[in-house]
Every structure is written in structure tokens, then in C-alpha cells.
Amino acid sequence: MNLPNKLTILRVAMIPFFLVFLLLESIPHNNLWALIVFILASLTDMLDGKIARKRGLVTDFGKFMDPLADKLLVNAALICFIEKGMASAVLVFIIIAREFLVTSLRLIAAGKGTVIAADIWGKVKTVSQIIAVCLMLFLQELLADGLLPAGFPVGWINSAAMWTVVVFTILSGFNYLWKNRSCITTK
């Protein structure tokens with residue numbers, strides 16, 4: 001197994017630790033620890049792709065597992081945010097539905113011998129998700145530590161972050177559908 005694939009596996013292995021820190025509020029500074037694990041896992045995503053392309057180590061395993069690892073990490077955070085009252089279930093549903101839509105489109109395309117690569121809108125969507133999760137965890141830590149002034153609009157900021165992610169999610173989903181509509185049209 002090459003280094004990029006090991007980094008992808010490491011990212012998946014970090015998810016349970018992220019979840020433990022995020023959900024067990026009895027752990028001191030649990031949100032900070034969750035944030036650290038999330039950032040480290042996100043960095044492995046950046047590294048594995050760069051290393052794979054630079055060293056010519058792109059594999060079918062990596063093509064399969066890398067996006068899956070990303071989706072598992074981000075969706076784990078978003079689902080937990082619902083439980084913690086930090087995110088709307090409707091917004092999280094839209095984000096997850098787009099992931100199913102694009103994954104299904106990729107499967108159909110693969111069945112026809114076409115590979116649908118990530119494009120700039122998919123990357124923008126992913127970066128917006130990572131930034132939103134990090135921001136929300138950071139604010140939650142500050143709130144838990146009493147470091148925010150009374151009335152600080154944490155809920156409003158969380159909602160704005162989630163809506164930003166949803167906008168990029170919808171744009172990238174429509175972009176993938178439009179660019180690859182030939183995969184799903186009947187003739």
C-alpha cells in the first residue's frame with residue numbers, strides 16, 4: 001500500500017476519535033480536541049492527493065477511498081452538529097443528498113466507461129465544508145469556555161456557515177449534473 005492510500009486510511013481511522021471528542025462533553029475542551037483531529041484529518045486529504053499526483057501513485061483504491069473518506073469525515077461532523085443543536089437537519093439533508101446524487105452520477109458514468117473527476121465547484125464545496133466545520137467547532141469551544149461575550153451570535157454564525165455550504169453544495173451538484181447530463185439522458 002502506497003503512502004497516499006495510507007494517509008486516506010489514516011483519515012478514516014481518525015473519524016472515531018473525532019466523534020468521541022465531539023460528542024463526549026465530559027472530556028475537557030472536547031470541541032478543541034475534535035477541531036484538532038478534524039484539521040489533521042483534513043490535512044491528510046490535501047497531502048494524499050498531492051503526493052499521489054506528484055509521485056504518480058494514483059490508484060483505483062485511492063480514487064475510490066479518498067472521496068469516501070472525505071464524505072465520511074464531513075458528514076460525521078454535520079450529523080453530530082444536528083444532535084448538538086448546532087445545525088439544521090434540513091440543511092444537512094441537502095448536503096448529504098447532493099453527495100448521494102453525485103456519487104450515483106459517478107457510478108452511472110463509470111458503468112459507461114467515463115470518469116467524472118472533481119472540478120473547481122466540487123473543491124470549493126469541500127473547502128467551504130471544512131471551513132464551516134472548523135469555524136463551528138472553534139466557536140463551540142469558545143462558548144463552552146465562556147470566552148464569548150453575552151449575546152454573541154453563535155447560532156447566527158453557525159446558520160450562516162451552514163447556508164454558505166448549502167449554496168456551494170447546490171451549485172456544485174447542479175454543475176456536475178449539467179456537465180454530465182449525457183450520462184443520464186435517454187436516447
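The model is a predicted one, and a search of the whole structure finds one cavity of 30 Å³ or more. The elements that each give two or more residues to the lining of the largest cavity are α2 (30–55), α3 (60–83) and α5 (120–144). The lining itself is made up of Arg11, Ala41, Ser42, Asp45, Asp70, Leu73, Val74, Thr126 and Ile130. Sorted by class, the lining residues of the largest cavity comprise four nonpolar, two polar and three charged.

From the cavity, a reader can turn to the packing of the helices. Helix α1 (residues 3–23) packs against α3 at an angle of about 10°, and the axes of these two helices are 9 Å apart. Because angles under 35 degrees count as roughly parallel, α1 is roughly parallel to α3. The contact of α1 with α3 brings together 16 nonpolar, three polar and four charged residues.

On to the pairing of α3 with helix α4 (residues 89–111), where the axes are again described by their spacing and angle: they lie 9 Å apart, with a packing angle of about 160°. An angle over 145 degrees counts as roughly antiparallel, so α3 is roughly antiparallel to α4. The crossing in which α3 passes α4 is left-handed. From α3, the residues Lys71, Asn75, Leu78, Ile79 and Ile82 take part in this contact, and they meet Ala89, Val92, Ile95, Ile96, Glu99, Thr103 and Arg106 of α4. The residues in the contact of α3 with α4 are seven nonpolar, two polar and three charged.

Helix α4 also has a contact with helix α6 (residues 154–179), and here the axes come within 10 Å and cross at roughly 20°. That angle makes α4 roughly parallel to α6. As α4 passes α6, the crossing is left-handed. On the α4 side, the contact is formed by Leu91, Val92, Ile94, Ile95, Arg98, Leu101, Val102, Leu105 and Arg106. Their partners in α6 are Met162, Trp163, Val165, Val166, Thr169, Ile170, Ser172, Gly173, Tyr176 and Leu177. By class, the contact of α4 with α6 holds 14 nonpolar, three polar and two charged residues.

Key
Residues numbered from 1 in each chain as written. Predicted model: local features only at pLDDT ≥ 70, side-chain atom pairs only at ≥ 80, totals over all residues. Heavy atoms only, no water. 1 Å grid on protein atoms, 1.4 Å probe; cavity = no way out; pocket = protein on both sides within 12 Å on 5 of 7 lines; lining within 4 Å. Points joined across faces, edges and corners; volume = space filled by probe spheres on them. Helix = DSSP H or I, 4+ residues; strand = E, 2+ residues; numbered from the N terminus. Nonpolar A, V, L, I, M, F, W, Y, C, P; charged D, E, K, R; others polar. Axes fitted to C-alpha atoms, helices over the stretch in contact; angles between N-to-C directions. Parallel < 35°, antiparallel > 145°, perpendicular 65-115°, else oblique. Left-handed = near helix turned anticlockwise from the far one by under 90°. Contact = heavy atoms within 4.5 Å.
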